[in-house]
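Work through the exercises below with the sequence and the model side by side, and try each task before reading its solution.

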Amino acid sequence: MFDIRLLDVPFDPHAAADRLAAATPDAGGITSFVGKVRAGGDVKALELSHYEPLTLPGMRDLAETARLRFNLMGLVILHRTGRLEPGDPIVCVSAASRHRRDGIAAADFCMDHLKSAAWFWKRELRGGTWHWIEPRAVDHADLARWSEKNSPV
Amino acid sequence: MAVTIHFLGPLRDLAGMDRCDVEAPLDWAGLLDAVAAPVAEQLRNERVNVACAGRVLSDKTALHAQDGDEVALLPPVSGG
């Protein structure tokens with residue numbers, strides 16, 4: 001089961017992981033990461049825009065790369081677009097693998113690429129004004145880990 | 001038919017619109033002329049990518065958009 005989607009309405013990331021687990025009975029583990037809008041801060045809303053001809057095809061390429069690199073039995077990548085409220089899930093990556101390290105590494109790998117190498121633009125509503133968010137230096141450093149010769153996996 | 005230029009992310013705010021149509025064909029010099037000066041300045045930044053007909057150009061200065069093509073101006077991304 002490989003389920004790669006953009007969603008413009010709120011979704012339940014746990015249901016997605018449950019569906020993956022049900023679809024991959026031979027897997028030894030399901031690794032899931034859920035990114036969400038922080039609640040309790042001064043961010044009142046978040047908006048994610050994308051570019052239709054590139055964003056979903058890029059996510060599918062990422063999934064195929066992860067499938068081959070980590071020998072995955074299944075993978076779910078769900079990513080929101082549009083306006084999100086504090087507490088809303090933004091992204092869910094769930095990987096089904098025979099052994100745990102492949103799944104954990106695959107979720108890490110997919111998130112690093114979604115943060116700074118996928119076609120999304122994010123802005124936050126703070127103090128009544130929208131502010132565009134750029135990837136942080138650490139996001140680029142996280143991404144670079146996967147192409148280094150001494151990459152952990 | 002024409003070439004449609006799409007302004008993504010913060011470039012949408014700089015341009016004051018999310019898309020516009022210009023006459024085909026469109027090359028790099030034509031693109032820089034077609035957009036507002038602050039957008040053209042951003043385009044010269046190596047971190048800003050250009051896609052044509054659904055493909056990101058490895059050399060954006062080699063842009064050659066034909067009738068009906070979409071040209072997307074892609075500033076640094078931030079997902080997840």
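Predicted model: local features only at pLDDT ≥ 70, side-chain atom pairs only at ≥ 80, totals over all residues.

**Exercise 1.** Find which residues of α2(A) are buried, and explain where they lie around the helix axis.

*Solution.* Begin with the helix itself, which runs over residues 52-70 of chain A and, with its 19 residues, reaches 27 Å from its first C-alpha to its last, close to the 27 Å expected at 1.5 Å a residue. Next, taking a residue as buried if 20 or more other C-beta atoms lie within 10 Å of its own, we find T55(A), G58(A), M59(A), L62(A), A63(A), A66(A) and F70(A). These residues lie on the same side of α2(A), because the arc they cover around the axis is only 140°. Finally, look at what they pack against: the partners in chain A include the strands β1 (2-7) and β3 (43-50) as well as the helix α3 (100-116).

**Exercise 2.** Describe the side of chain A that touches chain B: which element gives the most to it?

*Solution.* First count the residues in the contact, to which chain A brings 21 and chain B brings 15. On the side of chain A, α3(A) gives the most, with four residues.

**Exercise 3.** Determine the order of the strands in the open sheet of chain B, and name the edge strands.

*Solution.* The edge strands are β2 (19-22) and β5 (55-56) of chain B, since each pairs on one side only. Within this sheet, β1 (residues 3-7) and β7 (residues 70-74) of chain B pair in the parallel sense over four bridges, and T4(B) stands opposite E70(B) in β7(B).

Conventions: Residues numbered from 1 in each chain as written. Chains lettered and ligands numbered in written order. Helix = DSSP H or I, 4+ residues; strand = E, 2+ residues; numbered from the N terminus. Expected span 1.5 Å × (residues − 1). Buried ≥ 20, exposed ≤ 12 C-beta atoms within 10 Å, placed from the backbone. Arc of directions from axis to C-beta. Contact = placed C-beta atoms within 7 Å. Pairing = 2+ DSSP bridges.
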